[in-house]
Amino acid sequence: MSLQNGNKMTDPNQASHRKQRLVVLISGRGSNLQALLDASQTDPSFPATVVGVLSNVPDAYGLERARQAGVPTVTVESRLYKGNRMAFEDAMLAAIAPWQPDIVCLAGFMRILTPHFIDACGGRVINIHPSLLPKHKGVDTHARAIEAGDAEAGCTVHWVVPEMDSGEIIVQRRVPIFADDTADSLAARVLVEEHKAYPEAIRKIAGALN
Ligand code: GRF
């Protein structure tokens, strides 16, 4: 792997011109992947390029999005590795290594990664989560935000550490919660912000990683 040096931020003004190589891990729809593809393919100033997409689910729609964008894909089916997380992670590491990722981006990737995977990536793994962390870690975030009577919800892009949804925050974006919101209406409002937050997070960390 080309990943190295952990996620220590250096001087953010020390921007380099080399584009960061993003490998995106997905399990489904892939709308956040699409936001990264769009940013990297339509904005010449975007400091990164998506060089590969891995799915743990063979029919994930995000794979189709990648193909349409001309980005190589690979599937490592988690189903085939039940009870052997280490072998699953080794298979993923072997699959993405040829792409020489600088940053591994989890985008709706529904598997928890162990320190084995995170360390092999030099700590350069980030995730998007649909809540204002540290609130509402885990699943069903929108229903839980409404149930809790929160006035606002949002999304968080953060560094991945072994403890779920707990790493250092890179970017958060907020939306109001309205009285008549359902989990679905709130999810749709948050998703719009997710698609801005992920490219924003890449911009924020890219220069410092060179
Ligand atoms: C997003 O809400 C993301 O925050 C969460 O899973 C969802 C994935 O959506 N982790 P998509 O596959 O990117 O469309």
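In this predicted model, Ala, Val, Leu, Ile, Met, Phe, Trp, Tyr, Cys and Pro count as nonpolar, Asp, Glu, Lys and Arg as charged, and the others as polar.

Q: What makes up the lining of the largest cavity, once its residues are divided into nonpolar, polar and charged?
A: The lining consists of Pro130, Ser131, Leu132, Lys135, His136, Thr141, His142, Ala145, Asp150, Glu152, Ala153 and Leu186, and under the classes above these residues divide into five nonpolar, four polar and three charged. Two elements, α5 (141-147) and β6 (152-159), each give two or more residues to this lining, and α5 provides the largest share, with three residues.

Q: What makes this space a cavity rather than a pocket?
A: A cavity is a set of points where a 1.4 Å probe fits but cannot get out, whereas a pocket is an open set. The structure holds one cavity of 30 Å³ or more, and the space in the largest cavity is about 70 Å³.

Q: Why are Cys105 and Cys121 called buried?
A: Buried means under 20% relative accessible area; Cys105 has 0% relative accessibility and therefore counts as buried, and Cys121, also at 0%, counts as buried too.

Methods. Residues numbered from 1 in each chain as written. Predicted model: local features only at pLDDT ≥ 70, side-chain atom pairs only at ≥ 80, totals over all residues. Heavy atoms only, no water. 1 Å grid on protein atoms, 1.4 Å probe; cavity = no way out; pocket = protein on both sides within 12 Å on 5 of 7 lines; lining within 4 Å. Points joined across faces, edges and corners; volume = space filled by probe spheres on them. Helix = DSSP H or I, 4+ residues; strand = E, 2+ residues; numbered from the N terminus. Buried < 20%, exposed > 50% of the residue type's maximum accessible area, 1.4 Å probe, protein only.
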